[in-house]
Amino acid sequence: MIQSVIFDLDGLLIDSEMVFYRIYRDMLATIGHEFTLTDYLSGFSGRPIRPIMADFIFRFGLPATLEEACAHVESEEVEARRRGIPLKPGARQLLEDLRESGLSIALGTSSTRERASSILEAHGILDRFDALICAEDITRGKPDPQVFLSAAAALGTAPAHCLVLEDSEMGIEAAHAASIPVVCVPDLKQPDEAHRAMTTRVLNSLAEVSPQLLATLPRP
C-alpha cells in the first residue's frame, strides 16, 4: 500500500527544463559550440549544475572556473524565476488530492533548498510537503538512489510503501535503484524501452495521476 509520494522538481512539478537548456546553449554559443536540444536530453537533463559545468569546462573548453560557471547558471536561473516558471498541468490539484487522501509528500531534488523552497513558496504549495530533500542533504546525485532513500527516511516510510514521480531517465534509474516504484511523466524526452521497463506506469501528465490510480498500481 502506498503511504507516501516523492516528487521530483524540475521537469516534473515545474516547467523548467527549457530554461536550463537555453542557459547551457547560450553559454556554449559564446565559444562557438552548438549545443542542441538532443545534446541536452542525451546526457545533461536531470543532472545537477555542478557536474554539468565540470563537463562543459573539460569537454568543451568553457573558459571559466567551476565556481564562475556555476554562479553564471544560477544567476541566469534566478532571473528566469523572477519572470516566473510555471507549474506543470495537474500539479496543484494532485498535491491537494494527495493531502486529502492522507498520503505524506516529499520533494527529492538535486536543487538547492533555497531554490526549491522559493519556487514552491512562490506557487503557494510549500506547505503541501512534509519533507524536502535537496542538494545540501545528499552527497551523490541521481541516478544514485540517495535522494529518494533520504526522502523515504525523512517521511518515516519504508521504500516499498513509497512512490516516486519522475520525468527523467536518471530519475527513473535512481528510484529503481532505491527499490521504490516509479511513475514517469515525461517532459521533453520519452523514456527508452529499458527505462520504461523500470517504471510501473508512464503517463502523459500529472493530471492523469490520482490517489485512486496509485491504489491500483502493481507493487514490486
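1. The axes of α1 and α4 come within 10 Å and cross at roughly 135°. Axes here are lines fitted to C-alpha atoms, for helices over the stretch in contact, and angles run from 0 to 180 degrees between N-to-C directions. Helices (H or I, at least four residues) are DSSP runs, numbered from the N terminus. α1 and α4 are therefore oblique to each other; angles under 35 degrees count as roughly parallel, over 145 as roughly antiparallel, 65 to 115 as roughly perpendicular and the rest as oblique.

2. This is a predicted model, in which local features need pLDDT of at least 70, side-chain atom pairs count only at pLDDT 80 or more, and totals for chains, interfaces and linings use all residues. Residues are numbered from 1 along each chain as its sequence is written, and side-chain values use heavy atoms, with hydrogens and water left out.

3. The α1 side of the α1–α4 contact (heavy atoms within 4.5 Å) consists of Val19, Phe20, Ile23, Tyr24 and Met27. They meet Ala69, His72, Val73, Glu76, Glu77 and Ala80 in α4. By class, that gives eight nonpolar, one polar and two charged residues. Ala, Val, Leu, Ile, Met, Phe, Trp, Tyr, Cys and Pro count as nonpolar, Asp, Glu, Lys and Arg as charged, and the others, Gly among them, as polar.

4. Helix α1 (residues 17–29) also packs on α3, at about 25° with axes 12 Å apart. The two are therefore roughly parallel to each other. Phe20, Tyr24, Met27 and Leu28 of α1 meet Ile49, Ile52, Met53, Phe56 and Phe60 of α3. This contact has nine nonpolar residues, no polar and no charged ones.

5. Helix α3 (residues 49–60) packs against helix α4 (residues 66–83) at about 125°, with axes 9 Å apart. That pair is therefore oblique. α3 contributes Ile49, Arg50, Met53, Ala54 and Ile57; α4 contributes Leu66, Glu67, Ala69, Cys70, Val73 and Glu74. The residues divide into eight nonpolar, no polar and three charged.

6. Now the domains. Domain 1 covers 4–15 + 87–216 and domain 2 covers 16–83; the bounds come from an automatic or database domain assignment. Their C-alpha centres lie 24 Å apart. At the interface, 15 residues of domain 1 are in contact with 13 residues of domain 2.

7. The two domains bury about 1200 Å² between them, 59% of it on carbon and sulfur atoms. Buried area is the accessible area (1.4 Å probe) that two parts lose on being put together, summed over both. Arg115, Met170 and Leu188 supply 41% of the area that domain 1 buries against domain 2, more than any other three residues.
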